Every structure is written in C-alpha cells, then in structure tokens.
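Please keep the sequence and the 3D view open while reading.

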Amino acid sequence: MKRLRLLCLVLVHLHAGAAPAGAILLWPGAPPGGAAPGPQRGSAKGSITQVEQPYLIVHRPAQPNGTAIVLVSGGGYAHIEAGRESGPAADWLQAQGITAFELVYRLPQEGGGPAAPFQDGQRAMRVVRAHAAQWQVDPSRIGMLGFSAGAHLAGMTAVEADACRYAPVDAADAVSARPDFAVLLYPVLTMQRPFDTTHAKKQLLGAHPTQAARDAWSVERHVDARTPPVFIAQAQDDPIAPPGNSVLMAAALRRAGVPVELHQFQSGGHGWGLGKPGSEPAAWPQLLLAWLQSHGWMNRAQLVAG
C-alpha cells in the first residue's frame with residue numbers, strides 16, 4: 001500500500017534538508033542536548049544515520065480504527081533500519097486500520113548523547129497523543145512497537161514514561177508519554193551480564209559501564225504495576241540479542257502483575273522485520289493482531305477529526 005505522508009504545519013516548521021517532505025519534526029527548535037551535524041544520511045536499503053532533526057512519518061489509513069502505534073526501528077543505536085523494519089511494518093499496520101508513526105530518532109554517538117533517543121521516544125508519544133484528534137486516534141489507544149535496539153527504546157519509554165528527560169518545550173509536554181501497550185520484537189532489553197554482548201549496549205554505555213549504569217538502562221529493572229501490557233516475540237536462535245532478554249522481561253512483568261504475551265520461535269535468527277514468508281517469525285503479525293483484538297484495541301472507535 002502506498003504510504004501516506006501527512007504534512008502537519010500546525011505542529012512544526014520544516015527546514016530544508018532536515019527531514020523528508022511531509023515529516024513531523026518532534027521539536028519546535030533545536031533538540032535538547034544537541035544532535036548530529038547533518039545532513040541526514042540514508043542507504044539504498046533504507047538505513048538512516050546523522051539525524052539532525054528527529055521526526056515522525058505518518059501512515060494514515062483510509063478508515064482509521066482509532067488505534068495508533070509509534071514504530072521504532074533497530075540498528076544497535078548505530079543506525080536506524082527503517083527500510084527493513086518500521087517501513088514495512090507501517091504499511092502492514094495501515095492496512096489493518098491502525099495509524100502508524102515511524103520514528104526517526106537521534107543516535108547516542110552522533111551529538112545528542114546517551115539520553116537523546118529516549119528524549120525523542122518520550123516526545124514522540126506526547127506529540128501523537130496531544131494531537132490525536134487530528135489523526136482520528138483515541139489518545140488511550142496509542143502503543144509503541146520496537147525492533148531490536150528500537151525495542152529497548154520502546155521498552156524504556158514504557159517503563160519510565162514519567163522520567164524527566166528534558167525540560168518541557170510546549171503544550172504537548174503536558175500529556176503522558178506512557179504507551180498504552182508495548183510490542184517488543186527480537187528485543188535488546190537488559191544491560192546485565194551475561195546478556196550484555198549487544199552493539200546497542202556498547203553504543204549506549206561503552207565497554208566498561210558501572211553497575212549503576214547497567215541498572216539504569218536495563219528495561220526489566222524498571223518494570224512495575226504501572227507498566228502497560230507487553231507483547232514480546234523472539235527466536236531462540238537469535239545470535240544478536242540473547243533470548244534471555246525476552247525471558248527476563250517477561251518474568252519481571254509477571255512479577256509486577258502486568259499482562260504479557262511471550263512468543264519464542266525455535267528458529268528465525270535476528271532482524272526479521274515482518275518475517276520471511278514460510279519462516280516461524282512470519283507468524284508474529286497475525287499473533288499481534290489477535291493480541292490487540294483480545295485487549296479491545298482493534299475495535300473501531302467513533303472519532304471525529306480535530
């Protein structure tokens with residue numbers, strides 16, 4: 001399905017070269033803490049680096065059902081795999097009636113520091129929720145879906161939605177950054193040994209982090225009863241993100257009494273996006289759809305555009 005780009009001049013002012021035409025800039029001015037010097041770079045396969053102005057790309061269905069999902073691609077916090085992950089997923093979600101928002105965020109080693117992607121994650125949720133009526137979205141039905149390192153960003157946003165990561169910049173920052181549900185696919189979540197072998201950990205924390213830093217950025221360490229319901233899927237032969245990431249997170253959610261659905265595929269590796277046809281991970285979109293339906297997030301809402 002052709003992607004629909006929504007130009008929203010009410011929210012932002014676009015600057016030449018800062019983001020694609022039709023993108024929604026997250027910040028009205030310079031992002032907090034800085035950003036890459038730019039210009040943004042993109043590979044032929046859709047991998048993105050040097051993000052100088054983080055932004056959202058909106059994929060709006062012809063008949064929105066009221067649910068929205070902010071999509072966060074992975075890439076080990078060294079690049080953003082939008083071409084293989086958030087792009088195809090956005091098209092699929094759009095076909096289901098879900099309004100999808102692809103998030104292009106700053107990377108920790110490109111000028112904004114370790115806090116940059118998490119500032120962008122919070123801000124993305126707030127921008128979508130603050131202007132939900134404009135997209136015919138129910139502000140209580142906005143989820144976040146992350147792949148690999150993007151699942152770490154989504155997970156941290158879900159478990160620490162109220163963390164003060166930046167000073168408010170406008171009225172959107174008065175609304176909650178908490179996703180109503182989180183979807184974590186082949187996720188990087190923990191920074192604890194022996195599962196700390198990921199490139200995401202190295203980019204975020206360096207080679208020799210303190211235990212305090214490991215704890216601060218391990219998603220499962222911050223789960224509590226306020227954490228939203230979570231859907232997790234990972235292959236047991238994942239060579240990049242150890243499957244222990246999913247197991248630890250599911251256990252923490254269950255201890256806190258938070259609904260969690262964990263799917264562990266026997267094979268599939270890492271980085272499967274929507275999933276190769278015929279592979280085990282190719283089942284996750286339909287499994288997710290059933291999960292969303294079971295929680296009532298796929299019921300068509302009676303909404304009026306703002």
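Y55 has V104, in strand β7, as its bridge partner. Strands here are DSSP runs of E with at least two residues, and helices are DSSP runs of H or I with at least four, both numbered from the N terminus. The model is predicted: local features need pLDDT of at least 70 and side-chain atom pairs count only at pLDDT 80 or more, while totals for chains, interfaces and linings use all residues. Residues are numbered from 1 along each chain as its sequence is written, and side-chain values use heavy atoms, with hydrogens and water left out.

Two strands count as paired if DSSP finds at least two bridges between them. Strand β7 (residues 99-104) runs antiparallel to β4, and five bridges join the two. Strand β1 (residues 24-25) also pairs with β4 in the antiparallel sense, over two bridges.

## Buried elements

How many residues of strand β4 are buried? Buried means under 20% relative accessible area, exposed means over 50%, and partly exposed lies in between (1.4 Å probe, protein chains only). Five of the five residues of β4 (residues 55-59) are buried, so the strand is largely enclosed by the rest of the structure. Both of its faces are covered: one side carries Y55, I57 and H59, the other L56 and V58.

Helix α4 (residues 149-159) is also largely enclosed by the rest of the structure, because eleven of its eleven residues are buried. Among them are H152, L153, M156 and V159.

## Aromatic pairs

Rings of Phe, Tyr and Trp (its six-membered ring) pair if their centres lie within 6.5 Å; planes under 30 degrees apart are stacked, over 60 edge-to-face, and the rest tilted. The count by this rule is 13 aromatic pairs. W27 counts as buried at 2% relative accessibility, and Y166 does at 8%.

The ring centres of Y186 and W272 are 4.6 Å apart and their planes stand at 65 degrees, so this pair is edge-to-face. Y186 lies in the loop between β9 and α5 and W272 in the loop between β11 and α8, so the pair ties together parts 86 residues apart in sequence. Y186 is buried, with a relative accessible area of 0%, and W272 counts as buried at 11% relative accessibility. Y186 and W272 belong to one aromatic cluster with W92, F147, F265 and W284.
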